[in-house]
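Dear colleague,

Here is the structure I said I would pass on. My notes on it follow below.

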Amino acid sequence: QIVQGSVLASTARMTIEDKDLMELVRSEQDVKQQINAYQSLMQDMFSKSITDQYQHNIDKVRSVIETLSAARNVILDEIGKRFPDYANMIRPRKHSLGEIQKQLRAEEVLISIYSNNTSTFVWAVLNKGAPVMTVANLSKNDLEKLVSDVRKSLFPASDTLGQLPAYDFQKAYELYSVLLKPTEYLWRDAKDIILLASGPMSQIPLAILPTRAFQMEQEKAELF
């Protein structure tokens, strides 16, 4: 998706003849690259043990991301006014629920997850019928911490076999039980799940979340 987005943006930029607009487009893409870099940095920071000082650094990085995102939105708004065709290519219009449901097959379900400072909202959408929304008492910061703990075993800091962290089934199941289990009855028989998630839940695949509580017994014997 990142490569596809870059190609589309580059192609669209090549069609621009207005020099002032070209500068706006370059500025928007430069800011977007900075945002992506800081987001990668924050993901790496979350994968490490968090101390008070480290949390302070995470908050600083998050503040920079928010500032850059606000600046990018200003540039995008200006581009939208002066070059709407280009704006529609890099920031497509929002589709209605009916339009989305027409694109879904009977065996598909769309799950959308969004977090704010106090809660996490989950929508489950089938190809017909009213969507179901649930609200989890899980702030974006808490969700980031949970996802970070789950990711530690997927992207371990050590490459020594005996030092690799065990997969945190308990926290992985907590994510599933809080976010997905409330709507499980809707999509249990679906063949394909389409996930729309920004923020923490975009960093892990749904397939790694266990659908029931599970705890692996600790290995006491030597590895070899």
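Two strands are taken as paired if DSSP finds at least two bridges between them. Please keep in mind that this is a predicted model.

Overall make-up

The protein chain has eight helices and four strands. Read from the N terminus, the order of elements is α-α-α-α-α-β-β-β-α-α-α-β. Of its 224 residues, 29% count as buried. The accessible surface is about 15,000 Å², and carbon and sulfur atoms account for 52% of that. For contacts between residues at least 6 apart in sequence, 58% join residues at least 24 apart.

Strand β1 (residues 108-115) runs antiparallel to β2, and six bridges join the two. The hairpin between β1 and β2 passes through four residues.

On to the next pairing: β2 and strand β3 (residues 132-136) are also antiparallel, with five bridges. Thr120 has Ala136 in β3 as its bridge partner. The hairpin of β2 and β3 has six residues between the strands, and Gly129 in this hairpin takes a positive phi near 90°. Strand β2 itself (residues 120-125) is mostly covered, with five of its six residues buried.

Helix α6 (residues 140-151) has twelve residues and reaches 16 Å between its first and last C-alpha, close to the 16 Å expected at 1.5 Å a residue. Its buried residues are Leu143, Glu144, Leu146, Val147, Ser148, Asp149, Val150 and Arg151.

Helix α7 (residues 169-180) also has twelve residues; the end C-alpha atoms are 15 Å apart, which agrees with the 16 Å that these residues should span at 1.5 Å a residue. The buried residues in α7 are Ala172, Leu175, Tyr176, Leu179 and Leu180. They lie on the same side of α7, because they cover an arc of only 95° around the axis. An α-helix has 3.6 residues a turn, so residues three or four places apart point the same way. The buried residues of α7 pack against β1, β2, β3, α6 and α8 (184-187).

Salt bridges

A search of the whole structure gives twelve salt bridges. Three of them are described here, beginning with the two that involve Arg62.

Arg62 and Asp59 meet through their side chains at 3.0 Å, N to O. Both belong to helix α3 (residues 52-82), and as they are three residues apart, about one helical turn separates them. Asp59 is partly exposed, with 36% relative accessibility. Arg62 has 14% relative accessibility, which is under the 20% limit and therefore counts as buried.

Arg62 also forms a salt bridge with Glu144, where the closest N and O atoms are 2.6 Å apart. Arg62 lies in helix α3 and Glu144 in helix α6, so this pair ties together parts that are 82 residues apart in sequence. Both Arg62 and Glu144 are buried.

Arg105 is partly exposed, with a relative accessible area of 45%, and Asp192 is partly exposed at 33% relative accessibility. Salt bridges with shared partners join Arg105, Glu107, Glu108 and Asp192 into one network.

Regards

Technical notes: Residues are numbered from 1 along each chain as its sequence is written. This is a predicted model: local features need pLDDT of at least 70, side-chain atom pairs count only at pLDDT 80 or more; totals for chains, interfaces and linings use all residues. Side-chain values use heavy atoms; hydrogens and water are left out. The expected span of a helix is 1.5 Å times one less than its number of residues. Buried means under 20% relative accessible area, exposed over 50%, partly exposed in between (1.4 Å probe, protein chains only). Contact means heavy atoms within 4.5 Å. Accessible areas come from the Shrake-Rupley method with a 1.4 Å probe; for residues, only the protein chains shown count as cover. The arc is that of the directions from the helix axis to the C-beta atoms. A salt bridge is a side-chain nitrogen of Lys or Arg within 4 Å of a carboxyl oxygen of Asp or Glu.
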